[in-house]
Amino acid sequence: MSWLNSSIAALMHVSPKWFFRPFAKSYVAGESIDSALEVVRKLNEKGFSATMDILGEFVETKDEAENILNAYSTLIQQIAQENLDSTISVKLTHLGLGLDPNLGKKNILKLAQTGKENNVGVTIDMENSPYTSTTFALYKKALSIHNGMGAVIQAYLHRSLEDIQELNSPLLNLRICKGIYRESPDIAIQDRNAINDNYVEMARAIFNGTGYACLATHDLGLLDRLESLIENENISPQRFEFQVLYGVPMGDRLERLKAMGYKVRVYVPFGEAWFEYAIRRLKENPTIISYVIKNMFRK
Ligand SMILES: Cc1cc2nc3c(=O)[nH]c(=O)nc-3n(C[C@H](O)[C@H](O)[C@H](O)COP(=O)(O)OP(=O)(O)OC[C@H]3O[C@@H](n4cnc5c(N)ncnc54)[C@H](O)[C@@H]3O)c2cc1C
């Protein structure tokens, strides 16, 4: 499948945007705040929590970063006004970190303040490895402003178990995901089974500490292992939640998790930058193409 994945990813650059709209539609909650809020209302009605993400990353000007900061601030206020069960998820390069580290810092600290004033959680997504240490450092600074800050840790990174020890605190809210970027073997585990093993060890490490774990995965085998860990170690549902991306088919698994009394949060991306985002993701990890195709046929 890999030659097909790469060929489709390459084709995206020369194909018209409208051609890919149907692909993106299942995974993106529209282009506007209103369409995304509507998706979140419906998820909340069904008993799911949400986290909302404005698509995009790597802004090129200070003004662009300012616009994204304002858009997120408005989003936080709307979530609070409607009393929705949703946090926000944000990438630091979208707030200007790649342009100027001080700009990224200033903007995330402002967002932490807005999150605190409106009592809305703010999770900092994790990007590729040049940003890992800075992201954790800024997460810690932001946590001193707003208790509702969250961070993300990638199970494929060799450093992650150590990072968990370092980050441990009663306020720690840490999403574990496998990691979406391509990283070299000296930085990241390449074997899929070994990544899953590390994922389970990382969940165990958070449970052995004092923090809260957000278990983000669609991998049903991994979910089985995490559920066993939770049952065997008798972990309280107050210590964790499950997270998935909007639109990824999960059969009846999410309903089952909810029925067991577990919290399930859906990551809801939206915004005009869906196309650029899709291209970047596909270039970084063309195997996603096979998920999309598989899921289209499954539907
Ligand atoms: C809530 C959430 C937040 C995330 N935040 C980050 C982050 O901040 N930084 C980061 O590096 N990564 C993030 N990721 C992505 C993550 O690192 C993985 O790349 C992605 O979730 C795929 O891994 P998996 O655990 O689902 O397992 P996999 O083994 O990769 O996938 C299992 C199955 O899930 C389905 N699937 C997985 N992903 C998709 C998809 N995108 N579209 C359609 N079907 C899919 C496929 O059917 C696949 O067979 C996040 C993931 C989730 C769920």
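How many residues does helix H5 have, and how far does helix H5 reach from its first C-alpha to its last? Helix H5, residues 101-118, has 18 residues and reaches 26 Å, close to the 26 Å expected at 1.5 Å a residue. That expected span is 1.5 Å times one less than the number of residues in the helix.

## Before we go on

What you're looking at is a predicted model, where local features need pLDDT of at least 70, side-chain atom pairs count only at pLDDT 80 or more, and totals for chains, interfaces and linings use all residues. Residues are numbered from 1 along each chain as its sequence is written.

The chain has twelve helices and eight strands. Here, helices (H or I, at least four residues) and strands (E, at least two) are DSSP runs, numbered from the N terminus. Of the chain's 299 residues, 37% count as buried. To be buried, a residue needs 20 or more other C-beta atoms within 10 Å of its own; with 12 or fewer it is exposed, and in between it is partly exposed, with C-beta atoms placed from the backbone.

There's also the matter of who touches whom. Two residues are in contact if their C-beta atoms, placed from the backbone, lie within 7 Å. Among contacts between residues at least 6 apart in sequence, 74% join residues at least 24 apart.

## Helix H5 and its buried face

Back to H5. Its buried residues are Gly-104, Asn-107, Ile-108, Leu-111, Ala-112, Thr-114 and Gly-115. Looking down the axis of H5, you'd find these buried residues within an arc of 165 degrees, so they line one face of the helix. (The arc is that of the directions from the helix axis to the C-beta atoms.) As a rule, an α-helix has 3.6 residues a turn, so residues three or four places apart point the same way.

What covers the buried residues of H5? The cover includes helices H4 (62-81) and H6 (132-143), along with strands E2 (86-90), E3 (122-124) and E4 (149-154).

## Two asparagines with positive phi

Just after H5 comes Asn-119, with a positive phi of about 55 degrees although it is not a glycine. Asn-119 sits in the loop between H5 and E3, and counts as partly exposed because it has 13 other C-beta atoms within 10 Å.

Asn-83 has a positive phi as well, near 55 degrees. Its place is the loop between H4 and E2, and with 9 C-beta neighbours inside 10 Å, Asn-83 is exposed. For background, most residues other than glycine have a negative phi.

Asp-85 is also in the loop between H4 and E2. Its 16 C-beta neighbours inside 10 Å make Asp-85 partly exposed. Leaving out residues up to four places away in sequence, Asp-85 touches Asn-44, Ser-49 and Ala-50. Asp-85 and Ala-50 are 35 residues apart along the chain, yet their C-alpha atoms are separated by 6.3 Å.

Helix H8 (residues 192-208) has 17 residues and reaches 24 Å, close to the expected 24 Å. Its buried residues are Asn-198, Tyr-199, Met-202, Ala-203, Ala-205 and Ile-206. They fall within an arc of 160 degrees seen down the axis of H8, so they line one face. On the other side, Asn-193, Ala-194 and Asn-208 are exposed. The cover over the buried residues of H8 includes E4, H7 (160-167), E5, E6 (212-216) and H9 (220-232).

Met-202 turns up again in the largest nonpolar core, which has 73 residues; Met-202 is among those with the most contacts inside it, with Tyr-72, Ile-176, Leu-215 and Val-268. The largest share of this core, seven residues, comes from H4. A nonpolar core is a set of buried Ala, Val, Leu, Ile, Met, Phe, Trp, Tyr and Cys residues joined through C-beta atoms within 7 Å.

## Around the ligand

Which residues come nearest to the ligand? Of the 23 around it, they are Asp-125, Cys-177, Thr-217, His-218 and Tyr-291. A residue counts as near if its C-beta atom, placed from the backbone, lies within 6 Å. The largest share of this shell, four residues, comes from H12.
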